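Here is a short report on a structure with its parts taken in turn. Look at the picture, then read on.

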Amino acid sequence: MEMIKMYGKNNKISNLQVAFLMGHTIIGVGILSLPSTLAEVLGTSGWVAVVIAGAIAIIPVTMISKLMAMYEGKNIFEISSHIIGRPLTYVALTLVIIDALGQGAFVTRIFGEVIKMFLLFSTPLEVILLTMLLTVVYTVRSEVEGVARFSMIVIPFIVIPILIMSTVLIPDLDFTNLLPIFKVNPVQIFNSIPSIFFSFGGIELLLIYMYYSKNPKSALKYNIGVVIAVTVLYLFSFFISLARFGEKGLAAQLWPLLSLSKAIQFPSAFIENVEGIIMAIWVIIAFTTLMSTMFSMTVLLGKMCKVEESKYFTLPLLPLIYFLSLIPGNVVLIYDFIQVFTYIFGTFALLLYPTVLYTLAVLKRKGEAKKNENTV
Amino acid sequence: MKTQYRLFIILCLSILLTGCWDLIEINQYFFISAIGIDMYKKEENPIEEDEKEEINKIAQEDRFIITYSTPDLRAVGKNATSDEPRIIMSSISSNFYETTKELATRTNRNFTFTHTKVVIIGEEVAKNQNYMKEIFDNMGRHEQLSRKTSVLIAKGEAKEVMKIEDPFEPVTGYLVNQITEKKQGGARYSDMVLEEILTELYFNGDVLMPRIVPGKGEIKVAGTGIIKDFRLIGWLGEIETIAAMFLLDRVNTALINIKYLDTILPYIITNTKTKTHLAVEEGKIKYIANIDTEGYMQQYILDAEDKLTDQRSITAIEKQVKDTLEKQIKATFNKLQKEFKVDALGLGRHIRKFKPDLWDEVEDNWDDIFENIEFEVNVDARLRRIGMTK
């Protein structure tokens with residue numbers, strides 16, 4: 001036991017790592033299409049919806065963080081069983097697993113479609129997907145520390161190229177395209193919030209990661225920080241692509257952030273087209289999202305089956321994700337599927353389940369406190 | 001058991017690592033530098049007999065002649081094996097993709113469009129609304145075409161333009177690219193690239209596109225094609241284009257000839273800024289453009305009575321520049337507004353951006369309202385330098 005601790009194999013990760021894992025899950029592939037969805041539904045006032053959705057997203061983050069801090073050292077299965085009883089827990093966690101499964105399959109498929117379109121034209125989609133999935137399985141089997149460390153180390157590889165490319169883009173941006181920035185239609189905004197809000201899907205997986213936190217009591221500020229960072233990133237990508245394409249032009253794009261890469265040309269540089277770099281970033285983003293969803297599913301399955309080592313569940317998930325990701329017949333259907341999926345399972349996992357758990361937990365604590373008072 | 005297991009893995013590797021589906025060596029590529037699109041006319045290019053007999057040809061409708069120009073990589077480097085600096089191919093087909101496939105039966109290389117610099121649309125094609133919509137949709141959707149590609153309209157046929165071999169830069173695509181990017185341009189063409197043109201087209205289908213003119217042994221990029229509702233309806237000349245570019249604030253440097261002292265003097269603009277705004281006066285929309293220019297004189301008259309060093313002559317020249325520019329710009333605006341009735345200068349977009357409430361009112365019958373917009377231009381021309389002599 002001592003030996004293991006010496007090498008840091010205590011299966012605990014820092015709060016920053018927890019928050020980053022969540023961030024990776026949230027960003028996923030939603031960011032690819034979010035700017036054009038915003039422009040299509042709301043025009044130039046789309047940023048309002050992002051800000052509101054980001055503000056709402058802080059609510060479940062706070063609830064989950066507080067809940068997990070309340071029951072420090074216990075995993076979600078134990079907590080949930082304690083609060084709502086074992087049978088209901090099984091049902092609830094199955095729904096959470098299905099939610100993560102849907103997200104994972106969605107990421108896998110979009111990843112494959114994009115790579116096939118821009119990079120590997122004649123490689124079969126199946127091969128692209130399997131290569132990716134096998135690599136993810138390998139990473140996930142390295143337990144929480146490996147996953148967390150990986151999610152930290154890739155950050156500079158995402159941030160630095162994006163910053164460089166945004167700088168190159170600046171001369172081509174027409175910021176008057178952002179106008180009219182304050183012409184806001186409250187009804188439209190209100191109606192669009194539910195679909196925009198699901199760009200923040202992935203927060204629910206904090207239910208799993210928080211268990212591994214070294215110090216869950218102080219995790220809240222990190223988690224909220226990452227949600228704010230994601231909101232800022234969404235705003236940034238919306239504004240940049242709006243400035244580049246204009247309102248109507250942006251609405252017509254399928255993946256505006258990838259189209260942006262077509263609009264970047266390094267002035268008289270050896271490498272004229274930067275799709276290669278964009279694709280590299282894209283692989284990392286898709287990989288981390290898939291990794292975190294797969295990790296969560298593995299852990300949940302392990303806890304539900306009450307086994308110590310849960311990594312044996314990773315490989316059997318592979319065919320499940322693989323076949324699920326291949327169900328939609330075309331690119332348009334992928335988005336229709338995930339829409340329905342998130343409405344049903346996302347609402348449950350992201351809003352309903354944490355709310356119920358947190359409310360009951362608080363009530364229970366109060367009840368216990370009263371009881372203690374009475375007995376004293 | 002362990003050995004067998006290892007052997008199995010090694011055998012698997014041989015399947016997984018045998019190669020890449022997408023492997024194409026660089027010398028197996030044709031990097032298409034320019035694409036030309038022309039109308040296909042049956043009378044001029046009748047289909048060959050044996051093609052007519054094709055049984056399975058289900059009402060194939062050939063619409064375009066598409067021409068590709070590519071640098072011949074064999075002519076590059078020390079041990080060049082070819083004298084021809086470029087290769088031109090054309091084919092009759094109904095779209096880009098078919099051309100690629102058809103030409104594939106005639107060449108030993110693969111085509112790639114990632115380095116395409118220019119797309120030239122023939123005049124006839126540009127006049128057809130449906131064709132233009134198809135072509136621009138294709139270019140926006142294309143996963144290889146850079147959005148920084150220049151798209152020009154040829155006076156006459158695109159193929160004519162592409163046939164011309166410039167002595168300095170024979171590859172059409174690079175030539176046009178270098179022309180539009182060089183610093184000494186004179187704003188005599190619209191320098192919009194695909195991305196900017198698409199943005200305007202998405203808004204309402206009106207835009208100004210650069211024109212390319214085939215000459216004798218050389219190519220000229222000058223003038224502007226006026227696109228209304230996705231089709232070419234007319235041209236702006238070179239001087240008119242300068243005026244239009246002033247209104248779009250896309251002028252870096254330009255030359256204005258002014259009449260002064262019975263002669264023509266060049267005023268060279270080094271710096272200019274256009275600020276436009278809209279005013280609503282008594283229910284009428286007024287479009288006001290304020291242009292500030294700075295420049296210098298490159299030429300005056302030897303032994304003139306009014307020395308250029310005299311402050312009065314400088315003021316007089318500045319006044320003359322102001323009048324000339326205002327006249328030119330007004331004439332161009334009138335031509336676009338009254339003659340062609342096209343909002344190619346993006347007034348609608350301007351209103352949508354800066355006066356969204358007004359846009360809500362005028363959006364539905366914008367075409368009628370646009371015709372009656374009043375226009376005012378104020379030029380503030382400054383003469384800063386006078387060259388090396390007094």
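Which residue in E9(B) is the bridge partner of Pro214(B)? The partner is Ile219(B).

This is a predicted model, where local features need pLDDT of at least 70, side-chain atom pairs count only at pLDDT 80 or more, and totals for chains, interfaces and linings use all residues. Residues are numbered from 1 along each chain as its sequence is written, while chains are lettered from A and ligands numbered from 1 in the order in which they are written.

**The sheet of chain B**

Strands here (E, at least two residues) and helices (H or I, at least four) are DSSP runs, numbered from the N terminus. Two strands pair if DSSP finds at least two bridges between them. Chain B has an open sheet of eight strands, in the order E4-E3-E2-E6-E7-E8-E9-E10. Its pairing is mixed. Strands E4 (86-93) and E10 (231-236) stand at the edges, each with a single partner strand, so one side of each has no neighbour in the sheet. From one strand to the next, the twist averages 30°. Strands of a sheet pair through backbone hydrogen bonds, either parallel or antiparallel.

The table sets out both pairings.

| Pair in chain B | Sense | Bridges |
|---|---|---|
| E7 (residues 150-154) and E8 | parallel | two bridges |
| E8 (residues 207-214) and E9 (residues 219-228) | antiparallel | seven bridges |

Some partners can be named. Ala154(B) has Ile212(B) in E8(B) as its bridge partner. Pro210(B) stands opposite Thr224(B) in E9(B). E8(B) and E9(B) form a hairpin with four residues between them. In the turn, Gly217(B) has a positive phi of about 75°.

Is E8(B) largely enclosed or left open? Seven of its eight residues are buried, so E8(B) is largely enclosed by the rest of the structure. A residue is buried if 20 or more other C-beta atoms, placed from the backbone, lie within 10 Å of its own, exposed if 12 or fewer, and partly exposed in between.

**Arg250 of chain B**

Arg250(B) lies in the loop between helix H9 (238-247) and strand E11 (254-260) of chain B. It has 16 C-beta neighbours inside 10 Å, so Arg250(B) counts as partly exposed. Residues are in contact if their C-beta atoms, placed from the backbone, lie within 7 Å. Neighbours within four places in sequence aside, Arg250(B) is in contact with Ala187(B), Asp191(B) and Met245(B). Lys273(B) is 23 residues from Arg250(B) along the chain, and their C-alpha atoms are separated by 8.8 Å.

**Two helices of chain A**

Helix H3 (residues 30-42) and helix H12 (residues 220-251) of chain A have axes that come within 9 Å. Ile31(A) and Leu34(A) are among the H3(A) residues at this contact, and Tyr234(A) and Phe238(A) are among those of H12(A).

**Where the chains touch**

The contact takes 20 residues from chain A and 16 residues from chain B. On the side of chain A that touches chain B, helix H6 (86-118) and H12 each supply at least two residues. H12(A) gives the most, with four residues.

Notes. Axes fitted to C-alpha atoms, helices over the stretch in contact; angles between N-to-C directions. Contact = placed C-beta atoms within 7 Å.
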